[in-house]
Amino acid sequence: MFRFFRSTENQRLVARLIRESFYQHRFGYGAAILSMLVVAATTGASAWILKEITDEFVVFKRIDRVNLIAGGVATIFILKGLANFIQAYFMSRVGNAIIADRQRKIYDRILAQGIEFYHSTSSSDLITRMTNNAQAARNVLDLVVTSYVRDLLSLVVLVGVMVWQQPALSIICFVVGPLAIYGVNRILKRVRKFAAMEFRSVGQIVQVMQETAIGVRVVKSFNLEGAMRNRMYKAVSDVENRANNIATLEAATSPVMETLAGLAIAGAIFVSGFLVLQGGQMPGNIMAFIGALLFAYEPAKRLARVRISLESGIVGVRMMFELADQPLTLVEKPDAKPLLAGPGEIRFDAVDFAYQKGPPVLDRFDLTLAPGKMTALVGPSGGGKSTILNLIMRMYDPQSGRVLFDGHDISHATLASLREKIAYVSQDTFLFAGTIMHNIRLGREGATDDEVIAAAKAANAHDFISAQAKGYETDVGENGGLLSGGQRQRISIARAMLRNAEILLLDEATSALDAESEALFRDALQQLTEGRTTIVIAHRLSTVHQADTIVVLEAGKVVESGPHKTLLQQGGLYQKLYEYQLMP
Ligand SMILES: Nc1ncnc2c1ncn2[C@@H]1O[C@H](COP(=O)(O)OP(=O)(O)OP(=O)(O)O)[C@@H](O)[C@H]1O
């Protein structure tokens, strides 16, 4: 195989890209490569025919050959045009297919990652990768194929013509070629450095843009426009400077190439002048030789530059493979079995858990959540309440110990079957782009409009939805930005109600509701939680009165548990928390 790079790592990356993407599109590439053969052959023929034109017309004055030669020239160019079209057609189709295919693969991989991955990778980085890396894969393959196939083939054919016509003069090519490669290599390393920096700066632009759009209220109310503008201007200038640096380096190849080509052509003309005038050589051979030399210039220049262009693209390809190879943070066991329907008991058995590199949150933690009952988790902030829900949903795996559903370790279950059992309303409600109807229906695929409306009624959302101009067809805006916090929360409660799952997890689900809505929600909850294992986290203790059991957590430990009345009588932490809330 050709050596594309000095670095064996880059060489491996291109080899892998060829294995994964080139092979898959081998027929499209095959058609393009066949037409490149025709392009190379017709380029050689266009140089060759200069000999016929010169000798037949100028030297032998063969008027009878005019038609034939003119026809030959026309045929050569028509063929070349056609081959160029076929090549461009297949190359762009395959290129677009590679981008689409790579984007699907990148997205699938990102989607398969666990929550930890999302905490350690910024969303702006992911967005930039999604567009840039797939495009880079296409660019690299495009370059490899066009340069190392079309240009190299053309060059081989043209050098063939030169050697055939003027073997001695052809030595020029073998002197100039290595010189050009040496000149370009010196520029290469610096391009690599700038290409990597450019990607990071593009990521910065996306990040500042994202933060501006999402945090617009904070930006405006805290007068942060100036600070945001400075960050954006810096990122934009960085990209501009890096792009200029790369462009300058790329352009720097031109003087090298032009000087070498000029010397080669001048030398060839100088020597051939003597050969024709004093050596008695046929001028046709010389014309064909010089023609081939001139035609060879463009493909030679592209070939000399190709490694520089590849260096920019390979940064994206490297990042793409890094992402693809990043181990999944949470995987399903190969022999995972679906969880079967059961009464719905959840048990924590000696669970040790800490977030990545963080201090322990749960230490030999034991807790049983009774099936079909409502358990409330209360306690000071940071005590581990949300962590317990995270572990129940298997967003993370404990470092040791087990989480069991009806006696089955959830780490041995399929993720889909586990999550199917659960309806979850989070602290930070998230709505997707689209209508209210669409957002509620995400709770259960295939739910009818009537079922969606019934869920909205139960979540006390129906009235405000009906009051909107377009009712259930009202657009919610980006992340529900067109609705109030309480409205967004009611929609996400309706979504969870529609799910009709065995287990209901509510993490501060009513924090954005006013007192009246909350009271209505409590009524609805009573029906909803009937016979369903429900876990509620709430800071407002008024929400948790009705729970069958209240578990009081402090620093990852269960300090008290029991029904509301019993806990109040015990006079422990629960009673203290309760009193704090009742104090004026
Ligand atoms: N993704 C995370 N990465 C690292 N540490 C985390 C992460 N999420 C939570 N923690 C830490 O774990 C501890 C328990 O957090 P958790 O969110 O479970 O508490 P909580 O009781 O739900 O608090 P709150 O009532 O404020 O929501 C806290 O010290 C918190 O800083």
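Two strands are taken to pair if DSSP finds at least two bridges between them. Helices (H or I, at least four residues) and strands (E, at least two) are DSSP runs, numbered from the N terminus. The model is predicted: local features need pLDDT of at least 70, side-chain atom pairs count only at pLDDT 80 or more, and totals for chains, interfaces and linings use all residues. Residue numbers start from 1 along each chain as its sequence is written.

The chain divides into domain 1 (10–325) and domain 2 (346–582). These bounds come from an automatic or database domain assignment. The C-alpha centres of domain 1 and domain 2 lie 56 Å apart.

An unreviewed UniProt entry lists residues 27–49, 69–90, 168–188 and 259–277 under "transmembrane region". UniProt positions are given in the numbering used here, feature names are shortened, and annotations may be inferred rather than shown by experiment. Residues 27–49 are 100% helix and 0% strand in the model. The end C-alpha atoms of residues 27–49 are 33 Å apart. Residues 69–90 are also 100% helix and 0% strand. Here the end C-alpha atoms lie 32 Å apart.

Strand E1 (residues 346–354) is joined to E2 by six bridges, and the two run antiparallel. Arg-347 stands opposite Thr-368 in E2. Phe-348 has Leu-367 as its bridge partner in E2. Ala-354 is bridged to Pro-360 in E2. The hairpin of E1 and E2 has five residues between the strands. In this hairpin Lys-357 takes a positive phi near 60°. Five bridges link E1 to E4, again in antiparallel fashion. Phe-348 stands opposite Val-403 in E4. Contact requires C-beta atoms, placed from the backbone, to lie within 7 Å. Axes are lines fitted to C-alpha atoms, for helices over the stretch in contact, and angles run from 0 to 180 degrees between N-to-C directions.

A second open sheet has six strands. The order is E6-E7-E8-E3-E9-E10, with mixed pairing. Strand E6 (422–425) and E10 stand at the edges with a single partner strand each, so one side of each lacks a neighbour in the sheet. From one strand to the next, the twist averages 15°. E6 and strand E7 (residues 503–507) run parallel and are joined by four bridges. Tyr-424 has Leu-505 as its bridge partner in E7. Helix H15 (residues 485–499) lies across E6 and E7, at about 175° to E6.

Strand E3 (residues 374–378) and strand E9 (residues 549–554) run parallel, with four bridges between them. Leu-377 is bridged to Val-551 in E9. E9 is also joined to strand E10 (residues 557–562), by five bridges and in antiparallel fashion. Ile-550 stands opposite Gly-562 in E10. E9 and E10 form a hairpin with two residues between them. Ala-555, in the turn, has a positive phi of about 45°.

The ligand shell was listed next. A residue is near a molecule or strand if its C-beta atom, placed from the backbone, lies within 6 Å of it. The residues around the ligand are His-119, Tyr-355, Gly-358, Val-361, Ser-381, Gly-382, Gly-383, Gly-384, Lys-385, Ser-386 and Thr-387. H10 gives the most to this shell, with three residues. By class, the shell has two nonpolar, eight polar and one charged residues. Ala, Val, Leu, Ile, Met, Phe, Trp, Tyr, Cys and Pro count as nonpolar, Asp, Glu, Lys and Arg as charged, and the others, Gly among them, as polar.

Technical notes. Contact = placed C-beta atoms within 7 Å.
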